[in-house]
Amino acid sequence: AQVINTKAPELGRSPFYCTVCECELRDSANWLAHLNGKNHVRNLGMNLRTERSTLQGVKAKLAATRQEKQAQLTPDQAAAAFRAEFDERLREREEEEHRERQLKRQHDQQQK
């Protein structure tokens, strides 16, 4: 789309013209609405529909991204990243076991 003429009323032509759709538009509001409209987007060859994501798809994308990132690391960096991830998982598991022990103690005390 392009601005043809800012003095359109004097010349009798619209100031905005879309070269994709070959149409004239009277003002900037209509021009912007046209640029974001279905017909203009369709004429550009785009599709407004989006694909619905699933949990498995998101997990697969995250795993692929993680693998790509690790592939870019040097062996030492990859080992350090693995150790850090392992330590984090180990810490989370220990915290979970600690919570479970506390809940069991509370349950045992309530039954006495």
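Phe 86 is partly exposed, with a relative accessible area of 41%. Phe 82, at 51% relative accessibility, counts as exposed, because the limit for that class is over 50%. Both residues belong to helix H5, where 4 residues, about one turn of the helix, separate them.

The model that shows these residues is predicted. In it, Phe 82 and Phe 86 form an aromatic pair with 6.4 Å from centre to centre and 20 degrees between the planes, and the pair is stacked.

The structure holds 2 aromatic pairs. One of them joins Phe 16 and Trp 31: the ring centres are 5.0 Å apart and the planes stand at 25 degrees, so this pair is stacked. The cut-off behind that term is an angle under 30 degrees.

Phe 16 sits in strand S2 (residues 16-18) and Trp 31 in helix H2 (residues 28-35). Phe 16 has a relative accessible area of 12% and is buried. Trp 31 is buried too, with a value of 18%; both residues are placed in this class because it covers relative accessible areas under 20%.

## Overall layout

The protein has 5 helices and 3 strands. Their order along the sequence is β-α-β-β-α-α-α-α.

Of the 112 residues, 11% count as buried. Among contacts between residues at least 6 apart in sequence, 7% join residues at least 24 apart.

## Confidence in the model

The mean pLDDT of the protein is 83, and 88% of the residues reach 70 or more. Among the elements, helix H5 (residues 75-111) has the highest mean pLDDT, 92, while helix H1 (residues 8-11) has the lowest, 46.

Over residues 5-11 the pLDDT is below 50. This stretch has 5 contacts in the model beyond near neighbours in sequence. Where pLDDT is low, the predicted coordinates should not be read in detail.

Notes:
Residues numbered from 1 in each chain as written. Predicted model: local features only at pLDDT ≥ 70, side-chain atom pairs only at ≥ 80, totals over all residues. Heavy atoms only, no water. Helix = DSSP H or I, 4+ residues; strand = E, 2+ residues; numbered from the N terminus. Buried < 20%, exposed > 50% of the residue type's maximum accessible area, 1.4 Å probe, protein only. Contact = heavy atoms within 4.5 Å. pLDDT = per-residue confidence, 0-100. Phe/Tyr/Trp six-rings, centres within 6.5 Å; stacked < 30°, edge-to-face > 60°.
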